[in-house]
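Good morning, colleagues. Please look at the sequence and the structure on the screen, and I shall then take you through them.

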Amino acid sequence: MNKLIVMGVLAAFLAACLFPCMAITDGAETGDSASAEASEESRSIVVLTDQPMTRSNGYGDDVRFQSTFESISPEDIVVIDGLWIENQDQNTVYGDVKALVDVGNPVLLAADSYDAISTDRLGYSTGFSSSADVYGIMVDPVSGTTYCYSVSDSDDTEAFETALQWVDDCRSETVLARASNSVTAPVLFAVTESRDSFGTTVAESKHTKYTIDDNTALIMTEYNYSADPDTEDSIWDYSISVADMEIRCDHLDSDLLDHGPTSSSSETYVVDIFAEDEESGVSASGSWSYTMKDSELEDKSRNEIFDIFHEIDEHGDDKLSTKVMKPGTISIATKGNNPYLYHETEYYNACFYKDRVALDKYVDCDSDLIVSII
């Protein structure tokens, strides 16, 4: 997102997302009902910007505009305008942002870079897309898990709406419920969402660290990658479906020890991975399965490159359904003189297919996730 339009994006969010019903008449029955219904799920949102004001949207959300870090409680969701943060004293502003994250505040950043909430700035493990419209981070002070979010969407209002929903999911641990049933708390749970004209993809990446010593650890990564075709645009003369899906990680900074799935039985793909450090006896393992109809799996992994590809029948009986793949890896990472223990980029691709009477068309929806584990 261009820096010159960040303020415009924030304004669009505030106008369309936070204030949808400011015209409701005081005392009107509809307004009273809406306020009462939303009071149970009210959210307090602080917007850091150069144009402070105070308003409520009528749905129970308390929205405050301010230009300082004062009077922010640990329960507040903090939205930061990228241009505003660039105009602050850089010697102190990043420390103020870190202080918010330290106590558990969800922080959403409207900017063309996630630098202000990166591992280098905050000292936490992070996972962000290299190019997104809105970034988010939240740390659970109890478990130490970092939650990260990246969303790319041509509709700025929807981008912020999904970011706010992500905050709610993190607070209710809904995101972890979609991962495995591992009893070990993950060090990082990252979500990157991308919306294309043909559909939506969501890549969830859960990283659990099994410490061997101060310098070395096993890293288990669990993926949950979904591709949802836009069925509303699937009418009698054409349909939208998923043609291919792929997840790849080159492991340039770590050694790949095990991965899965490597094969399938009918349309069920079993992930069964295990690795153990011989000297310390520290081990990591994962076993789960998923079903993808009308699909053939190709394990393209080789040496240190993890690459799982699904060839999907875009004309099959299950063509309009959401497709989900859940592979996993275990690698060993050694920090040495590097600033991070583990630093890898995950690549995701879903190919959507639109079947028209006069024209067949394929569109790739690509995204990435830069993972830094300290």
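Buried residues, meaning those under 20% relative accessible area with a 1.4 Å probe and protein chains only (exposed is over 50%, partly exposed in between), make up 52% of the 374 residues in the protein. The accessible surface comes to about 16,700 Å², and 45% of that belongs to carbon and sulfur atoms; these areas come from the Shrake-Rupley method with a 1.4 Å probe, and for residues only the protein chains shown count as cover.

A word on the source. This is a predicted model, in which local features need pLDDT of at least 70 and side-chain atom pairs count only at pLDDT 80 or more, while totals for chains, interfaces and linings use all residues. Residues are numbered from 1 along each chain as its sequence is written, and side-chain values use heavy atoms, with hydrogens and water left out.

The pLDDT, which is the predictor's confidence in each residue from 0 to 100, averages 83 for the protein, and 80% of the residues score at least 70. Over residues 15–40 the pLDDT is below 50, and this stretch has 27 contacts in the model beyond near neighbours in sequence; a contact means heavy atoms within 4.5 Å.

The protein has seven helices and 22 strands. These are DSSP runs numbered from the N terminus: helices are H or I with at least four residues, and strands are E with at least two.

Let us turn to one strand. Four of the five residues of strand β3 (residues 62–66) are buried, so β3 is largely enclosed by the rest of the structure. Strand β1 (residues 44–48) pairs with β3 in the parallel sense over five bridges, where pairing requires that DSSP find at least two bridges between two strands. Within β3, F65 is the bridge partner of V47.

Which residues touch the most other members of the largest nonpolar core? They are I80, I117 and M245, in a core of 74 residues. Strand β11 (residues 216–229) gives the most to this core, with seven residues. A nonpolar core is a set of buried Ala, Val, Leu, Ile, Met, Phe, Trp, Tyr and Cys residues joined through side-chain atoms within 4.5 Å. Leaving aside residues up to four places away in sequence, I80 touches L48, I85, V97, V107, L108, L109 and A110. A second, separate core has 23 residues, among them F65, V79, A163 and V202.

Finally, an open sheet is formed by three strands in the order β14-β15-β16, with antiparallel pairing. Its edge strands, β14 (264–265) and β16 (283–291), each pair on one side only.
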